[in-house]
Amino acid sequence: MTAEASDAVEIRNALLRLRRATGLPIAFGGLMEAGQRIRISELSGTATDALRSFVVTSGNGLGGKTVVLARPCVVTDYSASRQISHEYDAPVAVEGLRSVLAVPVVVRHGVRGVLYGALRTALPMGGRMLDAAVEAARDVERALVVRDEARTLAAGGGAGAGWEQVREAHAALRALAPKIADPELRDELLGACALLTAGAAAPARVRLAPREVDVLACVAAGATNAVAAERLGVTSETVKGYLRSAMRKLRSRTRGEAVVAARRAGWLP
């Protein structure tokens, strides 16, 4: 899965969590592109495609204001609000949005994206609703931090892009193996995985379960819990459980430390 596809999965899942936690019927959002602009890449609960791939420039509209201030912003009646500029009234009107909140996705003091929630009626949005939207954004922030950390590890732990490709291949093979019914073919595939770790240290006394290695392989390739769950065909909670278990065995406090420890022990390339 490409970085762009992983980003789309994270935003899509965050929008579903936002709607579920706030009760808002509509959510949309996207990540920052070059030139300080947000491209709306994911829609949830919308009736039209008016907002799909729409570009919001820093400083303009509600989302642009959120980017500049790096904090949540809310309007009760979008088209009539004097708190924002109105470059984007047309697509907002096509979708019929009135009350809208925008929450920034902030990573290392920089805005990396914006999540929106909306109503088609002009009603105030309470603090509890805003808190739930902020928590959905925090999930995306944590996912992006993990992916950045994994990319840094990949760049520093081997021969640049070549090692990153090896780790992507290793993660993909580990995710595929449990789905193969033929035991001989499955063993052959796992043998190919072992070849990719042949240059690593010999496995230490720490013994990891196969699914723990699968999860760590996904994390090492930059996958978040949600993406790892999708690859492995399990739930995010199951992924978290395997990751916690592996971290405990490897005596690691963070996901990044667990990946490094697993590489040192010969479990990952």
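Guide: Start with helix α7 (residues 210–220) and helix α10 (residues 255–264), whose axes come within 10 Å and cross at roughly 110°. This is a predicted model, in which local features need pLDDT of at least 70, side-chain atom pairs count only at pLDDT 80 or more, and totals for chains, interfaces and linings use all residues. Residues are numbered from 1 along each chain as its sequence is written, and side-chain values use heavy atoms, with hydrogens and water left out.

Helices (H or I, at least four residues) and strands (E, at least two) are DSSP runs, numbered from the N terminus. Axes are lines fitted to C-alpha atoms, for helices over the stretch in contact, and angles run from 0 to 180 degrees between N-to-C directions. Angles under 35 degrees count as roughly parallel, over 145 as roughly antiparallel, 65 to 115 as roughly perpendicular and the rest as oblique.

By that scheme α7 and α10 are therefore roughly perpendicular to each other. The crossing of α7 past α10 is left-handed; the term applies if the near helix is turned anticlockwise from the far one by less than a right angle, and right-handed applies if clockwise. On the α7 side, the contact (heavy atoms within 4.5 Å) is made by Leu216, Val219 and Ala220. On the α10 side, Arg255, Ala258, Val259, Ala262 and Arg263 take part. By class, the contact of α7 with α10 has 6 nonpolar, no polar and 2 charged residues. Here Ala, Val, Leu, Ile, Met, Phe, Trp, Tyr, Cys and Pro count as nonpolar, Asp, Glu, Lys and Arg as charged, and the others, Gly among them, as polar.

Helix α7 also meets helix α8 (residues 225–232), and the axes of these two come within 9 Å and cross at roughly 125°. The pair α7 and α8 are therefore oblique to each other. In this case α7 passes α8 in a right-handed crossing. From α7, Arg211, Asp214, Val215 and Cys218 meet Ala228, Arg231 and Leu232 of α8. Sorted by class, the contact of α7 with α8 has 4 nonpolar, no polar and 3 charged residues.

To sum up, α7 has a left-handed crossing with α10 and a right-handed crossing with α8.
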